[in-house]
Amino acid sequence: MQKLRIRGGKRLVGTVRASGAKNAALPIIASALLTDEEVVLSNVPDLADVRTMGRLLEGMGVRFERIDGESVRICADNVTGTEAPYELVKTMRASVLVLGPLVSRFGKARVSLPGGCSIGARPVDQHIKALKAMGACVEIDHGYMDATASRLKGARIVTDMVTVTGTENIMMAAALADGVTVIENAAREPEVVDLAECLNAMGARVHGAGTPQIVIEGVEKLHGCRHSVIADRIETGTFLCAAMVTRGDVTVTHAAPETLEAVISKLREAGAVIDIDGTSIRVRMQSRPTAVDVRTVPHPGFPTDMQAQLMALDAVSQGSGRIVETIFENRFMHVPELQRMGADIHVDGHTAVVRGVEQLEGANVMATDLRASACLVIAALAAQGETVIDRIYHLDRGYEHIEEKLSKLGADIERIA
Ligand code: EPZ
């Protein structure tokens, strides 16, 4: 099992390019199931999860090929199956995103229930509720969702909570439905907006993405398109935090500053000097950061996917910060690992109180989930001495070439077997 070895204390200085967003690429790749014409996507990150989604579609007879370092070509003109098997779904819960497009275009889908993951139970009841509201019959059979529909019908859907992939599945299901679908309480994440833009480029009629109410007028058929995936705001935020804990001076290019305003505002509160110039974000940190309070909420608030990274920043800051995780029930697994590095953190339910320490110490630690592993990288970059992070397959799911990018900025980091 591969590990990352990091020797901390090196200032990060220089320029790094943001990759395309994993959480936009995954639903957009799934949306190619909605048409029998070719979809060409650029700025698609070369990540484990993207390769998994490609394998999932290939298993249904879809042509999925990477054209070059950043583009993929997809064509679902000869779909031979509508099943998402447990073996793949258990490795990537975002596989559930094929449900909406399959039922919408083919009238059937057999998708394994994703099961829980380390950060929470993560049910998909809202996805099922919405499909039923649109006229689908959905039965649970031996751990699979079996969905059938002659043709989905537009409906007004009020989700019980804001759900990102739930909103995305409903949008894709509604794209070819008969009539108009209204999603109330819709997720407003930039990745939802990017999917809507791609669907509209395919001839869909999606209005209001980015607001709590999305209206989709179903059409008869969708055509192919070319689309460039939005920059990854979570990867960008991760690099900004890494620069801050090393008191560095880093510019992230090809970013989307407008998609991480809450993060930028919080990092400025912590003392960072952040300058935005078009799609470039420059962060400078001359002195020790000041610990900040954070409460994770749906977009446009502070994103749960940046909670662990912010905790690593608070862990070495002046003062103390309260971090409240409101989205997932078990997203503090990075805490014990940070504590092994000398962090002073007290968890009470969904709240963590982090008292900043002058210096973390390198240690052997273990990644438990994608963003927890990013948190440990940030902590290791700040720590005195050597850190070895185990189980970094978690990291490879969401960060493209992270050791190359960090090495270029001056980090002492290498991948070891
Ligand atoms: C998406 O997950 C992201 N993944 C997650 O990113 C992100 O953390 C999450 O949204 C929240 O922003 C992708 O986009 C591929 P939700 P998703 O449905 O859609 C509950 C990462 O690190 N819920 O918005 O699965 C759920 O349990 C990953 O890149 C239900 O109860 O999250 C959670 O408490 C991690 N029933 C809350 O809603 C449902 O049917 C929000 O979940 C759906 C969700």
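Visitor: Which residues line the second largest cavity?
Guide: In this predicted model, the lining of the second largest cavity consists of Arg-233, Ile-234, Thr-259, Leu-260, Glu-261, Ala-262, Val-263, His-299, Pro-300, Gly-301 and Pro-303.

Visitor: Which elements give two or more residues to that lining?
Guide: Two or more residues of the lining of the second largest cavity come from each of α8 and α9, the latter spanning 261-269. The largest share belongs to α9, with 3 residues.

Visitor: And how does that lining divide by class?
Guide: The lining of the second largest cavity holds 6 nonpolar, 3 polar and 2 charged residues.

Visitor: What is its volume?
Guide: The volume of the second largest cavity is about 40 Å³.

Visitor: Let us step back. How many cavities of 30 Å³ or more are found in the whole structure?
Guide: The search of the whole structure gives 2 cavities of 30 Å³ or more. The largest cavity contains about 50 Å³ of space.

Visitor: Which residues line the largest cavity?
Guide: Lys-22, Asn-23, Glu-191, Asp-232, Arg-233, Ile-234, Asp-305 and Arg-371 form its lining. Among the elements, α1 (22-31) and α8 (233-245) each give two or more residues to the lining of the largest cavity.

Key. Residues are numbered from 1 along each chain as its sequence is written. This is a predicted model: local features need pLDDT of at least 70, side-chain atom pairs count only at pLDDT 80 or more; totals for chains, interfaces and linings use all residues. Side-chain values use heavy atoms; hydrogens and water are left out. On a 1 Å grid over the protein atoms alone, a cavity is a set of points where a 1.4 Å probe fits but cannot get out, and a pocket is an open set with protein on both sides within 12 Å along at least five of seven lines; lining residues have an atom within 4 Å of a point. Grid points are joined across faces, edges and corners, and a volume is the space filled by probe spheres set on the points. Helices (H or I, at least four residues) and strands (E, at least two) are DSSP runs, numbered from the N terminus. Ala, Val, Leu, Ile, Met, Phe, Trp, Tyr, Cys and Pro count as nonpolar, Asp, Glu, Lys and Arg as charged, and the others, Gly among them, as polar.
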